[in-house]
Amino acid sequence: MIDYQTIETAARQIMANAAIDIPPDYRQGIEDMAKWEKGDLSCFVLQTMMDNWNAASEDRRPMCADTGLPRYYVKVGNEARLADGFTGLERALRSATALATHDIPLRPNRVHPLWRTDHNNNVGINAPEIDWSFEPDVDWIDITTVHKGGLFGTDYRMLFPGDGIDGIKRFFLDTLVAFGTRGLACQPAIIGIGLGGSKDITMVLGKQAACLRTVGDRNPDPKIAELELELKKMGNSIGMGAMGFIGNAMVADCHIEVGYTHTGGMPMSVHAFCLSSRRATVRIHADGSTEYRHDPEWFTPYMRRETVEWPIAKHNEKQSV
Amino acid sequence: MADSQAQRKTVRLKLPVREGDLDGLEIGTVVYLDGVIYTGREGVYKKVLEEGADLPEGLAELSNVNFHCSPAAAVEPDGSYSVGGVTATASFRFSKWMASWLETSNAKIIIGKGGMSIEDYRDMLVPAGAIYLTTVGYGTGALLGRGIKAVRAVHWLEELGNAQAMWIFEVENFGPFLVESDLEGNSLFEQQGRLINANLEKLYEGLKAPALSRYGETDDRKDELI
């Protein structure tokens, strides 16, 4: 049984981990890019960012003062039991957000869209967002927090099947060039692409692809994996680097997630996670013990399943009882 | 790897800057600041320029550096402040207040994210003898946070909230920033963007256009759009 206090404490910890410590996979990605980046100004920016990550970790202060829109992704094991149920989990995450905002401190970015009311704790109507997913046959819960900026670097477009891969490439370039100018996308970034689904899911998948997969990770479909690498290469040949200066370091990695969509359409979204790619995960086991990590491991084979049935021993056993 | 740090010209400026201090500063130069700066964005601009509130007493003598920023800061129960990180916010949104702000505040350095248009520099900053510094990256919140040595005052905290209030910071070796617009209104972003744009055509070569265009991709109303 997982209790309220365990969840709140763990969630406060990942809020701090995300805000302060750059994930090692992303750091490695930028270090590698800095080695081949030829643009002087762009390279200066990368070096400065690496200095900044070191300063953040040494001082235990947020790496970026725009601490984004803190939010959560929760994966619940089918066998996990929560002492205060799911609304208890939501309450713990809201509480952790408010406490972490004061303690770290995070910037209280969250305001009412019309009245601009600010509770100074990053909590409000529909905030923080909580996305849910499930995993069969396990009794843990995974909580990931992502602190992503909210203004630039994301776009959506309804393409059509006839637009094909060319349409995808064009929209990818359109988005990178538009938001990369003056560096508003805070590149080099992990670029997430959502393809298919209904329109809202197109956006959700693209965002999750950017924020919940690590640099170097490839889609299990070999042809999609190939397209990821092709787009990454294309993004890095625009001639634009960090802050929109001359250079090539634009895409730290490219991740594509797909969802079955309407037969007449091919909706697409593009999302840029920034130079402060803030994510952190905790796994809370059934006995209340916790493990912290940087890879959200969000897209499991179960999440990407394509069929009605999910062939798991335990699941089948239950069916047959 | 390009030899980034070694080649970049770096200067340290003592604040408030005096007549002549900004002469000869070239775009792309790395700048660090020592002295006092203040944050100010739409909340402050509306308060002072639209509602007619007085500037904090002695502000102009204390500092002539306006940072487009909301700090990650909290007010402690004893009334003291803790400042974690500071990062700039995008400046183009403040263009409509800039001319009167420069006149009212006598600011000579504007610090922000992303710069402003070259027209804004030539029409507003250059006549006021002001330059624009951009933050680097843009997420150097921890490095800039280190440079803040004290919070000297916070104005309009209750009314405007943490993010929009005017924070007055004492800073030391505060940076790095890059000179984005100099006293003549040359713009680093404009210069770099122009060179990059020249190659874009080639990038799209061979990629066929989508079946339907979107609004904004053409000005011709006869075109069918989605």
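## Burial in strand E6 of chain B

A residue counts as buried if 20 or more other C-beta atoms lie within 10 Å of its own. By that criterion, strand E6 (residues 109-112) of chain B is covered on both faces in this predicted model. On one side stand Ile109(B) and Ile111(B), on the other Ile110(B) and Gly112(B), and all of these residues are buried.

Strand E6 of chain B also has partner strands. Strand E3 (residues 65-67) of chain B runs parallel to E6(B) and is joined to it by three bridges; within this pairing, Phe67(B) has Ile111(B) as its bridge partner.

## Chain B as a whole

Chain B contains nine helices and nine strands. Its C-alpha trace spans about 65 × 45 × 35 Å along the principal axes. Of the 226 residues in chain B, 46% are buried. Among contacts in chain B with a separation of 6 or more, 65% are made by residues 24 or more positions apart.

Ala90(B) lies in the loop between E5 and helix H4 (95-105) of chain B. Is Ala90(B) buried or partly exposed? Ala90(B) has 18 other C-beta atoms within 10 Å and is therefore partly exposed, since a buried residue needs 20 or more.

Apart from neighbours within four places in sequence, Ala90(B) is in contact with Gly112(B), Lys113(B) and Gly114(B), and with Leu184(A) of the other chain. Gly112(B) is one of the buried residues of strand E6 of chain B. The C-alpha atoms of Ala90(B) and Asn173(B) are separated by 23 Å, with the two residues 83 residues apart along the chain.

## The interface between the chains

The interface brings 49 residues of chain B into contact with 60 residues of chain A. On the side of chain B, at least two residues each come from several elements, including helix H1 (4-7), strand E4 (72-75), strand E5 (81-85) and helix H6 (141-147). Helix H7 (157-164), helix H8 (188-197) and helix H9 (200-204) of chain B also contribute at least two residues each. By class, this side of chain B has 24 nonpolar, 21 polar and four charged residues.

## The open sheet of chain A

Chain A holds an open sheet of five strands in the order E2-E1-E3-E8-E9, with mixed pairing. Strand E2 (130-135) and strand E9 (290-293) of chain A each have a single partner strand, so one side of each is left without a neighbour in the sheet. Neighbouring strands of this sheet are turned against each other by 20 degrees on average, direction ignored.

Strand E1 (residues 69-77) of chain A pairs with E2(A) in the parallel sense over six bridges. In this pairing, Val76(A) stands opposite Phe134(A).

## The domains of chain A

The domain assignment divides chain A into domain 1 (4-17 + 63-147 + 279-293) and domain 2 (38-54 + 150-273). Taken over C-alpha atoms, the centres of domain 1 and domain 2 of chain A are separated by 26 Å. Their contact takes seven residues from domain 1 and five residues from domain 2. E1 and strand E3 (141-148) of chain A each supply at least two residues of the side of domain 1 that touches domain 2. By class, that side of domain 1 has four nonpolar, two polar and one charged residues.

Terms used. Residues are numbered from 1 along each chain as its sequence is written. Chains are lettered from A and ligands numbered from 1 in the order in which they are written. This is a predicted model: local features need pLDDT of at least 70, side-chain atom pairs count only at pLDDT 80 or more; totals for chains, interfaces and linings use all residues. Two strands pair if DSSP finds at least two bridges between them. Helices (H or I, at least four residues) and strands (E, at least two) are DSSP runs, numbered from the N terminus. Axes are lines fitted to C-alpha atoms, for helices over the stretch in contact, and angles run from 0 to 180 degrees between N-to-C directions. Two residues are in contact if their C-beta atoms, placed from the backbone, lie within 7 Å. Ala, Val, Leu, Ile, Met, Phe, Trp, Tyr, Cys and Pro count as nonpolar, Asp, Glu, Lys and Arg as charged, and the others, Gly among them, as polar. Domain bounds come from an automatic or database domain assignment. A residue is buried if 20 or more other C-beta atoms lie within 10 Å of its own, exposed if 12 or fewer, and partly exposed in between; C-beta atoms are placed from the backbone.
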